[in-house]
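Have the sequence and the 3D view open side by side as you read.

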Amino acid sequence: FPSWSEFLLRSAMLRSALFLLTYVFLTIFWGSLGVLVGWMLPYRQRFAFIIGAWTAMVLGAFEHLCQVKVEVEGLEHLPSTPCLVLARHESTWETLFLQQLFAPQATVIKKELLAIPFFGWAFSLLRPIAIDRKDGRGALKTLIREGKARLESGSWVVLFPEGTRLAPTEQRRFGRGGPALALAAKVPVLLVAHTAGDRWPARKWRKSPGKLRVRISPPFSAEKESSSAFTARLEHWLEEAQRDLRT
C-alpha cells in the first residue's frame with residue numbers, strides 16, 4: 001500500500017490533471033464563443049463576457065480542484081477611479097486574477113500572444129496594449145501613448161514591471177515602462193505582491209494545494225522626485241511585501 005505522502009502526491013497529480021483538462025476546455029470553448037459573439041457587444045460588456053466569465057470559471061476550478069485558498073489583503077486601497085497597476089509575475093494565476101480584480105483593463109502584453117489560437121483571438125477584442133519588445137524605444141513610446149489613452153477612457157492599465165515571469169524567490173529590477181507611464185499620465189500606482197508561484201508554478205502542470213496570499217499596496221504617487229527615485233521606492237515596497245508574504 002502507498003504511504004500517506006505518496007497518496008497525497010498522487011491525489012495532487014490527479015487533481016492537477018483534471019484541472020488542466022478543465023482549463024484547456026474552457027479556454028477553447030470560451031475563446032471560440034468570445035470570437036463569435038464578442039465583437040457584437042460594447043467594450044465593457046465584451047470584457048465582462050469574454051474575460052470576466054472565463055477567468056471566474058478557471059479560477060473557481062483551480063481553487064476547488066487543486067484545493068487552494070486565496071487570501072487578499074489591501075482591498076481597501078483600491079481607488080474609485082482606474083489607475084496603473086504593477087504586479088509581480090510568477091505564474092499564469094495572477095494574469096487571471098488581476099483581470100477579475102481590475103475591470104475593465106488594458107493589459108500590456110507581448111504582441112506575439114495575440115497569435116495564440118482561441119486565447120489570443122479573443123484577447124485581441126479587449127484592447128490590450130501589445131508591444132514589440134525588440135523595439136525598445138518604440139515599445140516605450142507605444143506604452144505611454146496607448147496607456148494614457150486607456151486610462152483617460154476609464155480602463156485600468158496592468159503590467160508586469162520586471163518584464164518576465166520570475167521564480168518565487170527571484171528578484172529583478174523594474175523596467176522603465178511602468179514608472180514612465182505613471183509619471184507621464186500623472187496617475188497613482190498600485191502594487192500587487194503574491195505567492196502564486198508556490199501554488200501554480202510557471203511551466204509546470206502540477207499544482208500545489210495550500211494558501212495563496214495576495215497583498216495590494218496603498219496608492220503610490222511621485223512626490224517631486226526623479227524617475228529613478230520613484231522606481232526605487234516602488235521596487236522596495238514590492239520586494240519587502242514579497243519577502244513578508246513568504247515568511
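Predicted model: local features only at pLDDT ≥ 70, side-chain atom pairs only at ≥ 80, totals over all residues.

Start with the strands. Seven of them form an open sheet, and if you step across it the order is E1-E7-E6-E2-E5-E3-E4, with mixed pairing. The two edges are strand E1 (68–73) and strand E4 (129–131), each of which pairs on one side only. From one strand to the next, the twist averages 20°.

For a closer look at one pairing, go to strand E6 (residues 189–194) and strand E7 (residues 210–216), which run in the antiparallel sense and are joined over three bridges. If you pick out Ala193, you will find its bridge partner in E7 to be Arg215.

Helix H5 (residues 136–152) lies across strand E2 (84–87), strand E3 (105–110), E4 and strand E5 (156–159). Relative to E4, helix H5 runs at about 180°.

How many salt bridges does a search of the whole structure find? The search finds 15, and a few are worth a visit.

One of them joins Arg88 and Glu90, whose side chains meet at 2.9 Å, N to O. Are these two residues buried or exposed? Arg88 has 0% relative accessibility and counts as buried; Glu90, with a relative accessible area of 1%, is buried too. Both values fall under the 20% cut-off for a buried residue.

Next, look at Arg173 and Glu235, which form a salt bridge at 3.1 Å, N to O. Arg173 sits in the loop between E5 and H6 while Glu235 belongs to helix H8 (residues 227–245), so this pair ties together parts that are 62 residues apart in sequence. Arg173 is partly exposed at 49% relative accessibility, whereas Glu235 is buried at 10%.

Another pair to find is Asp198 and Arg246, with their closest N and O atoms 2.9 Å apart. Asp198 lies in helix H7 (residues 196–199) and Arg246 in the segment after H8, so here the parts tied together are 48 residues apart in sequence. Asp198 is partly exposed, at 29% relative accessible area, and Arg246 also counts as partly exposed, at 26%.

Key
Residues numbered from 1 in each chain as written. Heavy atoms only, no water. Pairing = 2+ DSSP bridges. Helix = DSSP H or I, 4+ residues; strand = E, 2+ residues; numbered from the N terminus. Axes fitted to C-alpha atoms, helices over the stretch in contact; angles between N-to-C directions. Contact = heavy atoms within 4.5 Å. Salt bridge = Lys/Arg side-chain N within 4 Å of Asp/Glu carboxyl O. Buried < 20%, exposed > 50% of the residue type's maximum accessible area, 1.4 Å probe, protein only.
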